[in-house]
Amino acid sequence: MLYLYSMKKVTIETDYIKLGQLLKYLGLVETGGTASIYLSYGDVEVDGMTELRRGRKILPGSVVKIDGEEYIICK
């Protein structure tokens, strides 16, 4: 059986992006406060681990899963 797998690519120009900034960049939240609330539901994973901290540094090569959508961070 063949499965087509699509991961969305997010390109950053810095060494890292904080998780709250990524949520704002993707248009999922408008402020850091709403990012904290969004993360408190536990629907965000970074490299397979549930992440609740909006200040978590996301490095190139990391995979972020948000509500079932997966994003690969690239530089």
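1. Of the 75 residues of the protein chain, 31% count as buried, where buried means under 20% relative accessible area, exposed over 50% and partly exposed in between, with a 1.4 Å probe and protein chains only. This is a predicted model, in which local features need pLDDT of at least 70 and side-chain atom pairs count only at pLDDT 80 or more, while totals for chains, interfaces and linings use all residues. Residues are numbered from 1 along each chain as its sequence is written, and side-chain values use heavy atoms, with hydrogens and water left out.

2. The protein chain holds 2 helices and 7 strands, which follow the order β-β-α-α-β-β-β-β-β from the N terminus; helices (H or I, at least four residues) and strands (E, at least two) are DSSP runs, numbered from the N terminus. The radius of gyration of the protein chain is 12 Å, close to the 11 Å that the globule rule gives for 75 residues, so the chain is as compact as a globular protein of that length; the radius is taken over C-alpha atoms, and the rule is 2.2 Å times the number of residues to the power 0.38.

3. Among contacts with a separation of 6 or more in the protein chain, 47% come from residues 24 or more positions apart, contact meaning heavy atoms within 4.5 Å.

4. Asp47, in the loop between β3 (44–46) and β4 (49–50), has a phi near 50°, a positive value in a residue other than glycine, and is partly exposed at a relative accessible area of 46%.

5. Asp67 lies in the loop between β6 (63–66) and β7 (69–74); its phi is near 50°, also positive in a non-glycine residue, and Asp67 is partly exposed, with a relative accessible area of 48%.
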